[in-house]
Amino acid sequence: MRRRSIRFRLTVWYGVALTAGLAIFGGLIWLSLRSRLMGEIDRDIDGRASRFEKYFRGESMEAAGSQLKDELNEFCQALPPSSYISLRGDRGFAFHYPEKTPAENFRVLQRQFSVNGEVFHLEVGAPVGEVTHTLQLLGWLLLSLMPVVIAIASLGGVWLSGRALKPVNDISAAALTISIENLSERLPVPATGDELARLTEVLNTMLARLESAVKTLSQFVADASHELRTPLAVIRTTAELALRRARSPETYRGSLQEIAAETERMTQLVEDLLLLARRDTGMAEMPLAPIDVKEVLRDVCSEMRGLAEMRQVRVKASLGDDAAVIAGNRAALHRLFIVLLDNALKYSRAGGDVIVTVESADSQIAVAIEDFGAGISAADLPHIFKRFYRADRARGDGGHGLGLALAESIARAHGAAIDVRSVEGEWSKFRVVFPARDARMPARAFSESSA
Ligand code: ADP
């Protein structure tokens, strides 16, 4: 079922509330007037009956029969017109004033009293025609005016709700025109300072966040395509050159080796991109379990031994025997330490040392990787964790600037902080500080507490 507009519903509710209010108000006025007028008549009749009874008691001592009736008739002459009195005694006495009861609506009071052992039934009536007429008039007035008042008020309600909801329509119309192409546009904020103005401001802040996210994503896609273009061009030109004329098997092997190396670089780049994109969209599944970071570091160091030897760098890992347990994902931590150690080896001077340490203190576990060589300039330091940022592009060391971005993303997923200190041309020290976990805790509790 299609919902009616807020304007329609507001007007209907307003109309219903107004009708109910007016009906109650009119009804109460009518009832209170009626009770007041009838009360007055009742008091009148009661007074008249009492006076009549008193007069009758007095006169019945002195007169009887038709003389008594004459006296009573005289008394009744003084009553207001159109009222009547009837008195009947148990022993046959009967008095009516006037002789013939007028054809009117009466308010009637009946009472009994006894005089000299005879019980008398007294009935006193007063006409209510005038009161009924007044009440009827008031009733008609209320009933005929109420629809007019309701109609005028409802029209006013339609106009008012239209005015109140106009900013909502303006905001909807403006929101309809905003799409990914013009995300920099903003909704008009009504100058009312009310809830609608606040809602619009919140929507505008959301738009600003979306705009910046879309900008980052577009930049990321542009950088990624640019990075992929270079190895693809190398592969293509190497293959084309090799195919241009017949060559010796050694030349072919050389070309294929070059192509294989470029393909591997591309594979790593694509894998890193995929991991980052997954983490950005929250799709990367990273189940956490109790993990000894020292164990992961030992694996990474032994894997990198060959590369270290090739670069003539000594890796000194003083890890000790005790475990340093955190809630972690083994594969992701492995990648994080590979990135840091690979950089340390890459930017270390030949013959230098790379020092790997783990410190446990105050429910924190800090992993530090220090190297002595290129160092990082103060100008580059704030940027090295950005995607595709490379301090010295001319160095041609084969990196593509995604390593540290990925490392930071993995650290964040572990609730860890990553920081760097460096002196250009001398040393760099990267530190990842993890929150420590009790090794006895079950694995399930880890994933829950890290969710
Ligand atoms: P890359 O693939 O270029 O190494 P990273 O994201 O891992 O990309 O690092 C970004 C930049 O930070 C590097 O290009 C390098 O300039 C600088 N950098 C990272 N680690 C070190 C280090 N240990 N010593 C000196 N510079 C470093």
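This is a predicted model: local features need pLDDT of at least 70, side-chain atom pairs count only at pLDDT 80 or more; totals for chains, interfaces and linings use all residues.
**Entry 1. Aromatic pairs.** I then looked up F56 and F93, which form a tilted pair with 5.8 Å from centre to centre and 50° between the planes. I placed F56 in helix α1 (residues 6-62) and F93 in the loop between β1 (84-89) and β2 (94-97); the pair therefore ties together parts that are 37 residues apart in sequence.

I next took F113 and F120. Their ring centres lie 5.8 Å apart and their planes meet at 20°, so I recorded this pair as stacked; the cut-off for stacking is under 30 degrees. F113 has a relative accessible area of 6% and is buried. F120 is at 4% relative accessibility, so I noted F120 as buried also.

Entry 2. Within the chain, F75 belongs to helix α2 (residues 65-77). Leaving aside residues up to four places away in sequence, I listed R51, F52 and Y55 as the contacts of F75. I also took the separation of F75 from R36: the two are 39 residues apart along the chain, and their C-alpha atoms are separated by 28 Å.

**Entry 3. Charges over rings.** I looked for charged side chains placed over aromatic faces. K69 lies over the face of F93, 5.6 Å from the ring centre. R387 has its charged end over the ring of F220, at 4.8 Å from the centre of that ring.

**Entry 4. S60.** I located S60 in helix α1. With a relative accessible area of 18%, S60 counts as buried, because the cut-off is under 20%. I traced its side chain to the backbone oxygen of R57, which it reaches at 3.0 Å. Beyond residues up to four places away in sequence, S60 touches L68 and V115.

**Entry 5. Helix α4.** I compared the length of helix α4 (residues 195-244) with expectation. At 1.5 Å a residue, its 50 residues should span 74 Å, and I find its end C-alpha atoms 72 Å apart, which agrees. At the start of α4, I noted that a side-chain oxygen of D194 comes to within 3.2 Å of the backbone nitrogen of L196.

**Entry 6. The ligand.** I counted 19 residues around the ligand, the closest being N343, D371, R390, A391 and L404. I then looked up individual atom pairs. A polar backbone atom of A391 is 3.2 Å from an oxygen atom of the ligand. For L404, a backbone N or O atom lies 2.8 Å from a ligand oxygen atom. S428 places a polar side-chain atom 3.4 Å from a nitrogen atom of the ligand.

**Entry 7. R390.** As R390 is among the closest residues to the ligand, I examined R390 separately. R390 sits in the loop between β9 (364-372) and α9 (403-413). Not counting residues up to four places away in sequence, R390 touches E227, G399, H400 and G401. With E227 I recorded a polar contact between the two side chains, at 3.0 Å. Finally, I took the C-alpha separation of R390 and F220, which is 15 Å for residues 170 apart along the chain.

Terms used. Residues are numbered from 1 along each chain as its sequence is written. Side-chain values use heavy atoms; hydrogens and water are left out. Rings of Phe, Tyr and Trp (its six-membered ring) pair if their centres lie within 6.5 Å; planes under 30 degrees apart count as stacked, over 60 as edge-to-face and the rest as tilted. Helices (H or I, at least four residues) and strands (E, at least two) are DSSP runs, numbered from the N terminus. Buried means under 20% relative accessible area, exposed over 50%, partly exposed in between (1.4 Å probe, protein chains only). A charge sits over a ring if NZ of Lys or CZ of Arg is within 6 Å of the ring centre and within 35 degrees of the ring normal. Contact means heavy atoms within 4.5 Å. The expected span of a helix is 1.5 Å times one less than its number of residues. A polar contact is a pair of N or O atoms within 3.5 Å; within protein, one must be able to donate a hydrogen and the other to accept it, and residues adjacent in sequence count only if both atoms are side-chain atoms. A residue is near a molecule or strand if one of its heavy atoms lies within 4 Å of it.
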